[in-house]
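The following paragraphs are intended to be read alongside the sequence and the coordinates. Please keep both in view while following the account.

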Amino acid sequence: MTNFGALSNEAVGVLLREMVRRAIESIQSNQLNFETSEKSSPYRPGRDFVTTADLAAQDIYVGMITTCLPGIGIIAEEDGLRVKSTLPKPLWITVDPLDGTQAFIRGQSHGIGTMVALVDEDNVLAAYVGDAITREIYGFAPGSEEVYRVSRYSAQFRLTIEEDRGLGEQHALLHNEPREFSSAAQRLFLEPPHRVFTAFEITRGSIGMEFTRLWKGEVGGIFVRPGPTTPWDFNPIFGISRQMGFRFLRISDDGLDEIDIPILRDIGSLDHELLVVHESRIHELLSS
């Protein structure tokens with residue numbers, strides 16, 4: 001059990017949710033009045049951008065972490081912010097202040113989020129993903145075995161999976177065009193009669209918002225292409241997905257095999273395709 005000093009696990013969870021709530025308010029208040037600048041990104045080839053809304057939301061996280069949770073390190077997206085943990089057992093909070101900046105700049109009414117995760121050397125101890133449009137928050141507190149969906153009015157609903165609802169009744173979610181996936185992946189969502197999912201959808205924007213659709217049961221699986229991985233993007237979605245019993249399956253010509261996703265504190269790279277599905281559905285894939 002992690003010791004937070006005078007703070008209980010529940011109190012830390014409340015603080016993290018409050019950070020996300022305030023970040024959401026800041027993002028919404030900047031929707032019609034923000035400035036955009038191009039930034040150099042070591043993990044995203046081509047043009048990348050940051051807005052004053054990204055920076056304002058990050059300032060909220062950093063201010064609350066340093067004030068309310070002293071000693072905990074910070075790994076945040078903008079300006080390559082890194083604050084070293086000074087605790088005997090190091091802890092870090094990873095911060096994605098505005099997930100889906102391109103969608104925000106386009107003025108989308110979906111696909112814009114904000115994410116935070118509390119991690120140690122080996123585990124995601126708590127994580128929250130906030131929808132900057134609906135103001136809903138998804139996640140779990142330290143020590144909790146349950147993941148909750150919190151409405152804009154603070155009503156909480158425990159997220160559960162309909163284990164008797166097969167993949168053949170559900171859609172798959174893709175972040176890329178179907179042709180960009182390998183033939184081994186396409187076989188699962190595209191090619192009859194072997195496909196497992198009934199259909200597929202293509203999405204753009206926040207990866208956090210994509211995964212909320214999986215956690216809510218709107219889609220049955222998410223296909224992820226190889227590419228850069230960052231602590232602020234991947235720690236929250238991996239942490240919440242694991243907590244709910246979702247598994248990460250590597251796709252290859254030889255089939256599917258489950259892999260463990262490490263805690264990220266630096267920018268890395270995913271060198272293979274992944275399919276994320278609930279553990280109750282793996283038998284369908286193995287028999288396909």
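Helix H5 is followed by glycine 217, whose phi is positive, near 85°. The model is a predicted one, in which local features need pLDDT of at least 70 and side-chain atom pairs count only at pLDDT 80 or more, while totals for chains, interfaces and linings use all residues. Residues are numbered from 1 along each chain as its sequence is written, and side-chain values use heavy atoms, with hydrogens and water left out. Helices (H or I, at least four residues) and strands (E, at least two) are DSSP runs, numbered from the N terminus.

H5 spans residues 207-216, and eight of its ten residues are buried, so the helix is largely enclosed by the rest of the structure. Buried here means under 20% relative accessible area, exposed over 50%, and partly exposed in between (1.4 Å probe, protein chains only). The buried residues of H5 are Ile207, Gly208, Met209, Glu210, Phe211, Thr212, Leu214 and Trp215.

An open sheet of eight strands has the order E4-E3-E5-E6-E7-E8-E9-E10, with mixed pairing. Its edge strands are E4 and E10 (156-158), each of which pairs on one side only. Two strands pair if DSSP finds at least two bridges between them. E6 (residues 113-119) and E7 are joined by seven bridges in the antiparallel sense, and alanine 117 stands opposite alanine 127 in E7. Helix H2 (residues 52-68) packs on this sheet, touching E3, E5 (92-99) and E6, and its direction makes about 155° with that of E5. H5 also packs on the sheet, touching E5, E6, E7, E8 and E9 (148-150), at about 100° to the direction of E7. Contact means heavy atoms within 4.5 Å; axes are lines fitted to C-alpha atoms, for helices over the stretch in contact, and angles run from 0 to 180 degrees between N-to-C directions.

A further open sheet has six strands in the order E12-E11-E13-E18-E15-E16, again with mixed pairing. E12 (199-202) and E16 (255-258) stand at its edges with a single partner strand each, so one side of each is left without a neighbour in the sheet. On average, and with direction ignored, neighbouring strands of this sheet are turned by 30° against each other. E13 (residues 221-224) and E18 (residues 274-278) run antiparallel and are joined by three bridges; the partner of valine 224 in E18 is leucine 274. H5 packs on this sheet as well, touching E11 (171-174), E12, E13, E15 (246-252) and E18, and its direction makes about 150° with that of E13.

Two loop residues complete the picture. Aspartate 79, in the loop between E3 (73-76) and E4 (82-83), has a positive phi near 60° although it is not glycine, and it is exposed, with a relative accessible area of 74%. Arginine 135, in the loop between E7 (124-131) and E8 (137-140), has a positive phi near 70° and is partly exposed at 29%.
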